[in-house]
Amino acid sequence: MNIDYSKETAVVAGRLSLAEIEELVAKPLDTKPDKKYFLALSISGGALMIGAVCLALSFYYGLGLWGNNQPIGWAFDIVNFVFWVGIGHAGTLISAILFLLRQKWRTGIARFAEAMTIFAVMCAGIFPAIHTGRPWLDGYLLPYPNQHSLWVNFTSPLLWDVFAVSTYFTVSLVFWYIGLIPDFATLRDRTSSKVKKTIYSLFSLGWRHSSRHWQHYEKSYMLLAGFATPLVLSVHTIVSFDFAVSILPGWHTTIFPPYFVAGAIFSGFAMVVTVLVFVRKIFDLENIITMDHLEKMNKVILATGMMVGYAYGMEFFIAWYSGVQAEQFVFVNRAFGPYAWAYWIMVSCNVIFPQLFWFKKFRRSIPVMMVIVILVNVGMWFERFVITVTSLHRDFLPSSWAYYTPTLYDFGILIGSFGLFFTLVILFTKTLPVVSISEVKAVAEGAQPSHHGGVSNA
Amino acid sequence: MHNKNLYGLTALFDNPDKIISVAKKTSEAGYQKYDINTPYPVHGIEKAMKLKPSKLGFITLVFGLTGSFIALFFMYWTMSIDYPMIISGKPFFALPAFIPVTFEVTVLLATLATVIGMITFFFKFPENHHPLHDTNYMKQVSKDKFGLVIEASDKNFDLEKVREFLQSLNPLVIEEIYHKEKENNSVLEPKFLTLLFAIFLVTSGTTYFILNKLLYMTPFDWMSEQEKITPQKPSNLFADGFGMRTPVKGTVAQGFMPYLAKGQTNPTGILDNPYLITKENIKLGKSKYLTFCSPCHGNFGEGDSRLRGQFPNPPTLHSKRAQEFQDGWIYHVIVNGQNSMPSYAPYLDVEERWAVVNYIRVLQRAKNANESDIQLSKKENLKNASN
């Protein structure tokens, strides 16, 4: 086999012209939604309503409706929070880290992944807010001058969380919007509807595709990517501090920050693949979101899955090596105690099944990757469940040991968060360009000058 | 001379190589106010246009550093100065624990400043009434063409010469762009004013509803409705319908000592001041006197009430009669009250009552000092001063 490795494969397949790319991406925005769209929307909307009803009841009667009780004070609420924040991390990784690494293939999927980041962080933000039980008092989390002369505790990881998640949400949103400005301008100039034109004009801010502006624009994109990269690492690091800074065996571990970040990217990529497989099919974007894209993402899933697997092993090793009895007990209890079923679901979904991605045939097969990425999502949810619940349910005092069973309300709120996420995703596909038009145009074949600076053509 | 309304002359080209050479030639021809519009950033264009590198990074640097300092200083001030509290044995200024928040605030401020600075300061956006908008030229460069615009405000602008120059570049099409006519002030349109008024009504209505109604409804009412027994309220739990219970007969509260001089007219026989006049004792007495006694008796016991006639003024504590009171009698009055004075027993414990008595003695001596007292105090002052 003769492959020329010095030449990059085309990012956009099918030799599309610039106008064709634009046509393809803007098509879902120009056509009226069909029956299938409303069917999908009603399913996700129904899930959202289930969550809303369960939440309303929880607020009215109090959090006693949930399964949490001593000693398991943290359960589904925190599990879901960590799960959704993790999902969000793939978007920032694709849009910021791959941008800094000059990975051109990111352009096809960056917009969608960023949108998923924002929606996932919205889902995540709900849980810390509601687990206080009286979410309308969450304003106390902010340091503001008040009549009690009290300030928030700046040395608490829970407060770091408030700052990290809100900063992460704001920066992701701004980053996303900056990317959208040229696309809004393009949409503004191609639409014939007056209402749409007004809306697009408003959001495009009057963008003129001026090269004098592009220069600052590209600079700002790089600066933002430079900030978003450490930010995304800091967010899940701080989330892991919620556990690691406490003294509970099973939580008090220095491996947590890198382990959590790897897990976040792992689960996030799995979610991106899950959704993109459908999106590229439904909206005919197979030439822009190509099989190469999916294969590259599957490789990332394989790599991060192995990191997570390494962390599972290392936790056991350190528990043994530290010689701390309580630590050893927690880990043996995790794998062979009452929650062994959850532990082994986690290990098989996260470590064993992704190993199939070593084979190119499986990496490029849609049905196989669908099964694996959904298993990864399940496994990563269980990872957070295992960390949170199994560490708590048998703590230092054997007389207070207990077995946590979630209630219907717990499941209802979990379903509701998925409903919120997919409702937002579905609305997004019909209201905004799911692929960055200007970025994909820029990496299409023949889009850049053939010689550096076009000197020879002068 | 050219039309005053003319904004500029545009030309369209159809490939990126071409636009680079066009940009080069335009800048070499000496034009200053020109622009290249492309549907995406074309590499090398800034070199061809001889643009200076973007200075956007300075905004990021300045605001990022500002964010770090504000965050660090604010945490230092709240945790070490305004309300110092020891948490998990950390020092008041726990730098490692302050790093996460410092980092987040730095990133937040830097990114927001970069973006807002770029949009408002570098782009002068929003600007939806630029002459280039809604032209065929804009529609083309928005899609897949590459355009050059030379503005009429350029000092070298001459309509015929520019047209000739553009022709020499071999473009697809040349288009003249004109300034748009000024629109009416859209802020004063009745539709907009109605909208403003509607927003005002909705906002104030919602605020009123939330603050005056919603916060008194379950579950937003701060748990004010609770199935528990509250003092002075009835309860169905007990047969007599009372929520409050009387203690079992013979119950003695913790720390309770029966008051031996109860109901006696001359208790001085049994009440003897057990506390010496020490500095600590007087300090305690002073603080309790100022809190509980001074509102009516005045800061120096002269009966100059601060209550402005809302309560009858008591007589001065410096009268001959009051000076001759036994300690036990004053104590007895504090415990039982006298005339309109209520009992202060619930507010002052035994030691505090005697301390107040001692402090009243101090006031009486200070206000009625004789020559020898003054000499003594002068001596004390001298001694203190020489120290």
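This is a predicted model: local features need pLDDT of at least 70, side-chain atom pairs count only at pLDDT 80 or more; totals for chains, interfaces and linings use all residues.
**Entry 1: domains of chain B.** I started with the domain assignment of chain B, which gives domain 1 (1–183), domain 2 (184–246) and domain 3 (267–386); such bounds come from an automatic or database domain assignment. I then looked up the C-alpha centres of domain 1 and domain 2 of chain B, and they lie 48 Å apart.

Residues are numbered from 1 along each chain as its sequence is written, with chains lettered from A and ligands numbered from 1 in the order in which they are written.

**Entry 2: the sheet.** In chain B I found an open sheet of four strands, ordered β2-β3-β1-β4 with antiparallel pairing. Strands (E, at least two residues) and helices (H or I, at least four) are DSSP runs numbered from the N terminus, and two strands pair if DSSP finds at least two bridges between them. β2 (34–37) and β4 (173–178) of chain B are the edge strands with a single partner each, so one side of each has no neighbour in the sheet. Neighbouring strands are turned by 20° against each other on average, direction ignored.

I checked the bridges next. β1 (residues 6–13) of chain B is joined to β4(B) by six, with Leu6(B) opposite Tyr178(B). β2(B) has four to β3(B), and there Asn37(B) has Gly147(B) as its bridge partner.

Which way do the residues of β2(B) point? Tyr34(B) and Ile36(B) point one way, Asp35(B) and Asn37(B) the other, and all are buried (20 or more other C-beta atoms within 10 Å of the residue's own, C-beta atoms being placed from the backbone).

**Entry 3: helix pair in chain A.** I looked up α3 (residues 76–100) and α8 (residues 256–282) of chain A, which pack at about 80° with axes 6 Å apart. Axes are lines fitted to C-alpha atoms, for helices over the stretch in contact, and angles run from 0 to 180 degrees between N-to-C directions. That makes α3(A) roughly perpendicular to α8(A) (65 to 115 degrees). Among the contact residues are Gly86(A) and Gly88(A) of α3(A) and Gly263(A) and Gly268(A) of α8(A); contact means C-beta atoms, placed from the backbone, within 7 Å.

**Entry 4: chain B against chain A.** I noted that the contact takes 67 residues from chain B and 59 residues from chain A. α4(B) gives the most to chain B's side, with 17 residues.

Note on methods:
Angles under 35 degrees count as roughly parallel, over 145 as roughly antiparallel, 65 to 115 as roughly perpendicular and the rest as oblique. Two residues are in contact if their C-beta atoms, placed from the backbone, lie within 7 Å. A residue is buried if 20 or more other C-beta atoms lie within 10 Å of its own, exposed if 12 or fewer, and partly exposed in between; C-beta atoms are placed from the backbone.
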